Structures are given as structure tokens and as C-alpha cells.
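Got your viewer open and ready? Let's take a short walk through the model, one selection at a time.

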Amino acid sequence: MKEVSERLAKESKRKIVTTREPGGIPIAEKIRTVILDPRNDRMDERTEALLYAAARRQHLVEKILPALEAGHLVLCDRFVDSSLADQGAGRRIGIAPVASINAFATEGVSPDFTIYLDVDSDTGLRRIQENRTQQIDRLDSEGLEFHQRVRHEYLKLAEENPQRIKKIDARMSLELVVEATYQAIIERYPENF
């Protein structure tokens with residue numbers, strides 16, 4: 001979230017590196033294009049999961065780990081939880097196999113802290129239709145049931161990992177969501193601000 005990262009960068013004692021998944025580096029951005037292209041409607045669910053893991057691996061070794069080793073704070077839009085929710089639950093592959101391929105891809109690297117912006121699936125889909133400036137991608141165009149399965153898995157992950165995952169009510173205005181996200185991060189890492 002651009003607004004949060006810009007605000008944090010102004011106040012942080014350490015450099016803030018922002019990135020996203022899939023993507024963040026040239027190789028992963030190319031994989032992202034393949035994954036999200038609506039014309040790739042015949043993509044097998046396991047192929048999709050493997051492509052996400054491949055993009056994640058390259059992104060991790062090329063951008064995230066070097067930034068962490070340099071002492072920077074890394075803000076990454078999505079990581080393994082998104083694959084567990086999207087492919088494991090949404091695509092019904094199963095959580096265990098998706099966790100397994102991602103454990104291989106990341107060698108067990110996991111975020112210290114995760115912000116989950118929660119909104120009901122109906123509202124989320126409506127916002128995509130109303131606010132998306134670029135083309136609607138393959139996952140965004142999935143039906144309501146897919147998005148409900150994804151949300152259910154995110155809620156389950158948040159419940160199972162309360163020390164790592166902070167749930168924020170994203171039904172609020174953008175300004176309030178930005179503020180809540182900002183406060184959650186500085187409360188978690190007060191030594192950096």
C-alpha cells in the first residue's frame with residue numbers, strides 16, 4: 001500500500017523496501033504476466049501454484065533476502081499466505097501441498113509480521129469492478145464462491161497465527177485503513193521509528 005510505505009519511509013530509522021508478489025523483479029514480473037493474463041484460462045491449478053512459487057523464489061533471492069541482509073525493512077504485498085488462500089483453498093488444491101512447494105521455494109523464510117486487510121467477498125469484488133484502472137486479471141474474474149473460500153482461509157490463517165497476523169477491517173475508509181495499518185506496523189517495530 002503506497003500511502004503506508006511512503007509514510008513509514010519518512011519516519012523510519014531504516015530504509016524501507018517495498019515490493020509485491022508475484023513480481024517485484026523482472027523475472028517474477030514476467031511470471032506474473034503469465035499467471036494473471038485472462039487469456040490463460042486453461043491454466044491448470046497446480047501449474048498456477050508452481051508458477052507463484054517460482055516467482056516467489058526468484059523474488060526472495062534477488063530482492064527480499066539482500067534487502068534484509070542490508071538491514072532494511074521489507075514491506076511485501078503478499079507472500080506465502082496468499083498462495084495458501086488462493087491456490088490451496090480457492091483452487092481447492094489443498095493447503096498441505098501448496099505449503100510444501102512454498103516451503104521448498106522459500107527454504108522456510110517467513111514474514112515476521114503480516115497485515116491482513118479483511119473485507120467480505122461481495123464488497124471486495126465490487127471494489128475491483130469500480131476501482132481497478134488496469135485490466136481485470138484471471139483471479140479477480142473468478143466467481144464469488146472462489147473469493148469466499150479465499151477469504152475463509154485468510155481468516156483461518158489469522159486465527160491460527162495471532163502473533164504474526166494482524167487483521168484490519170478494510171470496510172473502513174481508505175484513510176482509516178491506512179492509519180490502522182501504519183499504527184500496527186509502528187507498534188510492532190517501535191525501535192525502528
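How many salt bridges does a search of the whole structure find? The search finds 13. Bear in mind as we go that this is a predicted model.

**Stop 1: Glu 48 and Arg 138**

Select Glu 48 and Arg 138 and show their side chains. They meet in a salt bridge, with N to O at 2.3 Å. Now colour by secondary structure: Glu 48 sits in helix H3 (residues 45-69), while Arg 138 belongs to the loop between helix H6 (121-131) and helix H7 (144-160), so this contact ties together parts that are 90 residues apart in sequence.

Are these two partners buried or exposed? Glu 48 is buried, at a relative accessible area of 0%. Arg 138 has 6% relative accessibility and also counts as buried, because the cut-off for buried is under 20%.

Salt bridges that share partners join Glu 48, Arg 91, Arg 138 and Glu 142 into one network.

**Stop 2: Arg 164 and Asp 81**

Next, select Arg 164 and Asp 81. Here the side chains form a salt bridge at 2.8 Å, N to O. Arg 164 lies in the loop between H7 and strand E4 (165-169), and Asp 81 lies in helix H4, so the pair links parts that are 83 residues apart in sequence. Both Arg 164 and Asp 81 are buried.

**Stop 3: the second largest pocket**

Which residues lie nearest the centre of the second largest pocket? They are Val 80, Asp 81, Leu 84, Ser 110 and Arg 164, out of 15 residues in the lining. The space in this pocket is about 180 Å³.

Show the helices around the pocket. Helix H4 (80-90) and helix H5 (95-106) are the elements that give two or more residues to the lining. H5 gives the most, with four residues.

**Stop 4: Arg 171 and Asp 169**

Finally, select Arg 171 and Asp 169. Their side chains meet in a salt bridge at 2.7 Å, N to O.

How values were computed
Residues are numbered from 1 along each chain as its sequence is written. This is a predicted model: local features need pLDDT of at least 70, side-chain atom pairs count only at pLDDT 80 or more; totals for chains, interfaces and linings use all residues. Side-chain values use heavy atoms; hydrogens and water are left out. On a 1 Å grid over the protein atoms alone, a cavity is a set of points where a 1.4 Å probe fits but cannot get out, and a pocket is an open set with protein on both sides within 12 Å along at least five of seven lines; lining residues have an atom within 4 Å of a point. Grid points are joined across faces, edges and corners, and a volume is the space filled by probe spheres set on the points. A salt bridge is a side-chain nitrogen of Lys or Arg within 4 Å of a carboxyl oxygen of Asp or Glu. Buried means under 20% relative accessible area, exposed over 50%, partly exposed in between (1.4 Å probe, protein chains only).
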